[in-house]
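Here's a quick briefing to read alongside the model. Have the structure open as you go through the points.

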Amino acid sequence: MPVPSSKHSMLRPQVFTPTQGVNYGNAPIDLKSTELSRSMNGYYPKQSSRWTVRPGFECVTDAVNKLTTPILGLTPYYNGTTLYLVAFSGGKIYAMSKAILESSTPAWTEIGFLSDSTTKPQAVVYNGLLLIADGGPSIRYWDGTTTGLIANSPSKCTALAEARGVLIGNSGDVVDYIYLSAPNFADKDWQSGSGHREVAVGFGDGVPVNAFCVGPGGKDVLVSKKDDRQGVGQIRRLIMPGADTLSWYVSEPTDSSSAAQNAHGMLNAFGRTFYFDDTGMRAVAATDGYDEVNVDAHFGKRINKAFNLFNAVVQEITFLPTIGAFMLLLQSYTQPYLYFPRNNAFCPWRMSGAIINSACTIDNNIYMGTADGNLYRMNENIGADEVEPGVDPKPIQSYGRTKKVTANGYDMVLKRTTLAMTPIRSGTVYLRAVKNNEATQVQLCDGFPVEDGRNLLGLATGLLGLATGLLGAGGAEPTQQTIHGGIRDCGLQIEWYGDGARYEIEQITAEIAGPLGE
């Protein structure tokens, strides 16, 4: 029987355009040319669909003014006159006005106490009040001046939401009911006025209500129930036919045993509801049936494998409108995941070992609170992370790895690799070839320097009207780096790695010679 030629005379250009983030759900050989088998610290800016190294983070509070206990939660609060950033840490409530936040020495002000130091509170802004459900005897409030308790509110409440002027809460006393406040209640009294009531969710099944998610315009509320002892999980819908809460009721549960892990594991964004269950990320699919809840088990398939390896527990899912993504944070885990719906892409981040517990947006600035009490702010103009106040920032380490290319078991030779990219911030970028075993990496070049590129206007310190040169002049232009090499194996991947550099990847072209006919 004739043996196919092993001479490498067939040149096969392979073009990779990493526009769809990581995919852990399929083997590297089965990925699309737009997907990555590995990635770190990339994202997709609103103005681009290209894989781009994320901005750096700076410490907002210095070593003297940082909190000494973990920041469990962050939330913005506007009381009608002042915008605040509120933090929950060490059993206390802290706040910082926008003016202080943007001053030269930001510092927290202690506002009041929580019921304990371990429960992660859920906060809702309601009729000018910041309401805080922390599992205590009553729901707490802060109005920018004073703190107190909401009279007649459900006890041991840990999940709280608002829809159509009605607050919806759970209770640790009667776990399978939801509690509806009087619409737009006054005098800080849950029952002030008419319409407050209790609604059974499961009619005595004993499965605790643990999370709510309110859809666009408050027209739709999903209710999660979960009991680990019984191995039961449910997603139901609160049906609101009219303004009168007497007409509101809860639908039958989903066929799935899936439910949110906790009150912070559900989010409505981009017209859909997302949640994190014991297997990873899920989404609720659109449905024509008013009472129906259809769980989209395929959403999250590309990343859930990573969570199954260590029994991940969700810390928080939060929407970040500044970058058009939601951020998934996991308890005691240094690697948040971001989801970008425009690209249908997941991107993992890492901040030099910092454990991020919460994130929020104030005036288009993204803030993050960590397990060591630090408060960070994302800064488009830097390519490093200030992990500790006053300590030299650590350069962002970024990388991405393409799908695997094979030739039906025959050896191939990587002849030439071309990287098309746009520089943003200075640093060094390397290219590697990864062999078939996915562990052996071969450096294709010593590393090429990346100069400051686009977004230089963000570094301006003077008035544009006084400029005497061309705007944007001096920045590095989009560039192509071509590396010649003779790496041989029966399976090959290309990986880029950045040390301190910020850049965006347009495409990678690998010219691979394989056996004739393969």
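Two strands count as paired if DSSP finds at least two bridges between them. With that in hand, Val214 stands opposite Val221 in E19. Keep in mind that this is a predicted model.

- For E19, both faces are covered. Val221, Val223, Lys225 and Asp227 are buried on one side, while Leu222, Ser224 and Lys226 are buried on the other.
- Strand E18 (residues 209-214) runs antiparallel to E19, and 5 bridges join the two.
- Strand E20 (residues 232-239) is also antiparallel to E19, with 7 bridges between them.
- Lys225 finds its bridge partner in E20 at Gln234.
- E19 and E20 form a hairpin with 4 residues between the strands, and Gly231 takes a positive phi there, near 65 degrees.

- Asp220 and Arg237 join their side chains in a salt bridge, at 2.6 Å from N to O.
- This pair links distant parts of the chain, 17 residues apart: Asp220 is in the loop between E18 and E19, and Arg237 is in strand E20.
- Asp220 is partly exposed, with a relative accessible area of 23%, whereas Arg237 is buried at 7%.

**Nonpolar cores**

- The largest nonpolar core has 73 residues. Those with the most contacts inside it are Phe276, Met281, Phe307, Ile323, Leu328, Leu414 and Tyr503.
- Strand E27 (residues 325-330) gives this core its largest share, 6 residues.
- What does Leu414 touch, leaving aside its neighbours within four places in sequence? Its contacts are Ala433, Leu444, Gly485, Gly486, Ile487, Leu492, Ile494, Ala510, Glu511 and Ile512.
- A second, separate core has 18 residues, including Val199, Phe212, Met240 and Ala263.

**Other salt bridges**

- The structure holds 24 salt bridges.
- Side chains of opposite charge can pair when their charged atoms come close.
- Are Arg54 and Asp385 buried or exposed? Arg54 is buried, with a relative accessible area of 0%, and Asp385 is buried with 1%.
- Lys98 forms a salt bridge with Asp363, and their closest N and O atoms are 3.3 Å apart.
- Lys98 lies in helix H1 (residues 98-101) and Asp363 in the loop between strand E30 (356-362) and strand E31 (365-370), so the pair ties together parts that are 265 residues apart in sequence.
- Lys98 is partly exposed, with a relative accessible area of 27%, and Asp363 is partly exposed with 47%.
- Arg38, Arg401, Arg432 and Glu495 are linked in a network of salt bridges.

Definitions and conventions: Residues are numbered from 1 along each chain as its sequence is written. This is a predicted model: local features need pLDDT of at least 70, side-chain atom pairs count only at pLDDT 80 or more; totals for chains, interfaces and linings use all residues. Side-chain values use heavy atoms; hydrogens and water are left out. A nonpolar core is a set of buried Ala, Val, Leu, Ile, Met, Phe, Trp, Tyr and Cys residues joined through side-chain atoms within 4.5 Å. Buried means under 20% relative accessible area, exposed over 50%, partly exposed in between (1.4 Å probe, protein chains only). Contact means heavy atoms within 4.5 Å. A salt bridge is a side-chain nitrogen of Lys or Arg within 4 Å of a carboxyl oxygen of Asp or Glu.
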